[in-house]
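Let's take a friendly walk through this model, looking at its pockets and at one helix that takes part in them.

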Amino acid sequence: METVNRPPGRRSRFSAGEERVAYICLIPAFLGLIFLTYLPLAGVLGISLTNWTGLKNPEFVGFDNYIKLFTTDPYLKDSILATIYFAALSVAGSMIYSLFIAMLLNRKIPARGFFRAVFYVPFVLPAVAIYVGWSWLYEANFGFFNFLLSEIGLNKILFIADSRYVVPSLSVIAVWLAGNLIVIFLAGLQNVPSVYHEAAEMDGANGWTRFRHITLPCMTPIIFYNLLLSLIANLQVITPALALTNGGPGNASRFMTYLMYDQAFVNYKLGYASATTFIIFAILAAFTVVLFKTSSLWIFSEGGDDK
């Protein structure tokens, strides 16, 4: 087949035209980033350097809000620890649970479409309604879980009224709400090449071996995406504290976003709350950078090229 050679000038003009079209198509994305992300972030940074209450003109105080947060604030340390503890439990639980359920739903079972909808529905329901419903299950005297414990002869547990159990109990709800991760894992499982499984099965590999050496490596890009998605969501958790615990008992569930909400909309310290927001942003950025930096060590590349 004869190859048509374009003159160099024509090729460069064609490439330049494609480049211009690409830049034009990227304009809405850049405008969205600027006006919906970067400018609001810069505004929050500016407010964090003031003592603005929303009721009077802001007064510039420099880094006083940050200094107070790290030196005299009675809640910051407990809030950071509670947030990281909740995120660790919720992310780990969500990843294991959603991958396990996705693998079950990927099999040829009766009413598979119905069960897929059942596991996804909690994600789209109103979050406050979900947490209120779970509060009935966790109720200390007549809740369903304590009823089961009493039936088997165990002592009742104050699931959301005991500082030892409140964060794990809230994490269970977060795991149950991970329907979006299940859908993403399910899509990834359907793209794992079946030829690999067939070849391994012919070689006598059992189910666990195929999962460990075929499914799991092929799913690592999806695992990375879900891990990042879950980490960002759970480090910004606020609904459980607002709907169930009000940050208690003690400071056990006073998450960072709840602390920010309390400072801004209860105590009207908008400058102080904005400083807290930037601390949340710094924590998110730190975890995200670590995740990206370590991803090349465990994400499988089908072509075998190192990242």
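How much space lies in the second largest pocket? In this predicted model, the answer is about 420 Å³. Of the 21 residues lining that pocket, the closest to its centre are Tyr-131, Ala-174, Leu-177, Ala-233 and Asn-234. Several elements give two or more residues to this lining, among them helix 3, helix 4 (112-124) and helix 5 (127-138). Helix 10 provides the largest share, 4 residues.

Now for the largest pocket, with a volume of about 560 Å³. Its lining counts 16 residues, and Met-103, Asn-106, Arg-107, His-197 and Thr-215 are the closest to the centre. Helix 3 (76-105), helix 9 (194-202) and helix 10 each supply at least two lining residues here, and helix 10 gives the most, with 5 residues.

Here are the two linings by residue class:

| Pocket | Nonpolar | Polar | Charged |
|---|---|---|---|
| Largest pocket | 6 nonpolar residues | 5 polar residues | 5 charged residues |
| Second largest pocket | 15 nonpolar residues | 6 polar residues | no charged residues |

Helix 10 deserves a look of its own. It covers residues 207-235, 29 residues in total, yet its end C-alpha atoms are only 35 Å apart, whereas a straight helix would reach 42 Å at 1.5 Å a residue. Where does the kink in helix 10 lie? The kink, of about 55°, is at Thr-220, shortly before the proline Pro-221. At the start of helix 10, Asn-206 has a side-chain oxygen that comes to within 3.4 Å of the backbone nitrogen of Trp-208.

Methods
Residues numbered from 1 in each chain as written. Predicted model: local features only at pLDDT ≥ 70, side-chain atom pairs only at ≥ 80, totals over all residues. Heavy atoms only, no water. Expected span 1.5 Å × (residues − 1). Bend = angle between axes of the 7 residues up to and from the residue. Polar contact = N/O pair within 3.5 Å; in protein donor to acceptor, adjacent residues only side chain to side chain. 1 Å grid on protein atoms, 1.4 Å probe; cavity = no way out; pocket = protein on both sides within 12 Å on 5 of 7 lines; lining within 4 Å. Points joined across faces, edges and corners; volume = space filled by probe spheres on them. Nonpolar A, V, L, I, M, F, W, Y, C, P; charged D, E, K, R; others polar.
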